[in-house]
Amino acid sequence: MEREQNLVPESLPGDGEKTTPVSDAGLTVTMKTMELVVAGLLMLVAAIVMYDSVRVGAGWAFDGPQAGYFPFFIGLILLAASAVTFGINLFSRTADLSNFVTKPALLLVAKVLAPTVMYLIVMYYVGIYIASALYICFFMMWLGKYSIRKAAPVAIAIPLVLFWLFEIAFLIPLPKGPLEAALGF
C-alpha cells in the first residue's frame with residue numbers, strides 16, 4: 001500500500017491553488033516539537049506563578065485565603081496539564097510528526113516578530129510615543145514600500161493623536177522614556 005503524501009499550497013487559496021509535496025516545500029518544525037516547546041513554556045510560566053504565589057502567601061489565613069492562594073492552584077493545574085501534554089508527546093510512539101510550519105511562513109512571522117521585539121526594547125528607553133513613530137515609519141517603508149515623504153507624516157500623526165486621546169482626553173498616562181520626560185510630555 002502506497003503512503004499518502006502530504007501536500008501544501010504553493011500560493012494563496014483562490015489563486016488557482018497548486019500543491020507540492022511536503023519534502024519540496026522545505027518544512028521545518030513538526031507538530032510534536034511545537035507541542036513539546038509550548039508545553040515546556042507553559043510549565044515554566046506555571047512554575048513562576050506558583051513561586052510568586054508562595055512568596056505573597058498561598059495559604060489560608062484566619063480571615064480567608066491569602067493573596068496567592070487561588071493563583072497557586074491555577075498554576076498547579078496549568079503545570080499538571082502541561083506536564084501531561086509534555087510527557088505524552090515525549091514518550092508517545094504515535095506522536096503527531098506532521099509538519100507545523102514551512103520555512104517561508106516562518107520567515108514571514110520572523111519578519112514581523114523581530115521588529116516588534118525591537119519596538120518593545122526601544123520603547124523602554126525612549127517611551128511609547130517616539131518608539132511608535134519609529135515603528136510605524138519603519139514598517140511603512142520596509143513592508144509597505146512607501147517613501148519617507150509618505151511614511152513620516154503618518155508615523156508622526158498617529159502617536160500625536162494617541163497622545164491627545166490618552167493623555168489629554170482620557171487622562172491615562174502611557175509609558176514615557178527619558179527623552180519624552182525631558183521634553184515635558
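What we have here is a predicted model, in which local features need pLDDT of at least 70 and side-chain atom pairs count only at pLDDT 80 or more, while totals for chains, interfaces and linings use all residues. Residues are numbered from 1 along each chain as its sequence is written, and side-chain values use heavy atoms, with hydrogens and water left out.

Let me start with the overall layout. Read from the N terminus, the order of elements is β-β-α-β-α-β-β-α-β-α-α-α-α. Of the 185 residues, 24% are buried, where buried means under 20% relative accessible area, exposed means over 50%, and partly exposed lies in between, with a 1.4 Å probe and protein chains only. The accessible surface comes to about 13,300 Å², and carbon and sulfur atoms hold 72% of that area, as computed by the Shrake-Rupley method with a 1.4 Å probe, where for residues only the protein chains shown count as cover. If we take contacts (heavy atoms within 4.5 Å) between residues at least 6 apart in sequence, 52% of them join residues at least 24 apart.

Now to the salt bridges. One of them joins the side chains of aspartate 52 and arginine 55, at 2.6 Å from N to O, and both residues lie in helix H2 (residues 31-56), three residues apart, or about one turn of the helix. Aspartate 52 counts as partly exposed at 33% relative accessibility, whereas arginine 55, at 56%, is exposed.

The other salt bridge pairs glutamate 167 with lysine 176, at 2.9 Å from N to O. Here glutamate 167 counts as buried, at 16% relative accessibility, while lysine 176 counts as partly exposed, at 30%. Lysine 176 sits in the loop between H6 and helix H7 (178-182), and its C-alpha lies 8.4 Å from that of tyrosine 125, although the two residues are 51 apart in sequence.

Tyrosine 125 also belongs to a nonpolar surface patch of about 750 Å², made by Val109, Leu113, Val117, Met118, Ile121, Tyr124 and Tyr125. Patches take residues with over 30% relative accessible area and no salt bridge, joining nonpolar side chains (Val, Leu, Ile, Met, Phe, Trp, Tyr) within 5 Å and like charges within 9 Å. Isoleucine 121, in helix H4 (residues 103-126), is partly exposed at 41%.

Let me close with helix packing. Two packed helices are described by the angle and the distance between their axes. For H5 (residues 128-142) and H6 (residues 148-169), the axes come within 8 Å and cross at roughly 145°, the axes being lines fitted to C-alpha atoms over the stretch in contact, with angles running from 0 to 180 degrees between N-to-C directions. Among the residues that meet across this pair are Ile136 and Met140 in H5, and Ala155, Leu162 and Glu167 in H6, and glutamate 167 is also the partner of lysine 176 in the salt bridge described above.

Technical notes:
Salt bridge = Lys/Arg side-chain N within 4 Å of Asp/Glu carboxyl O. Helix = DSSP H or I, 4+ residues; strand = E, 2+ residues; numbered from the N terminus.
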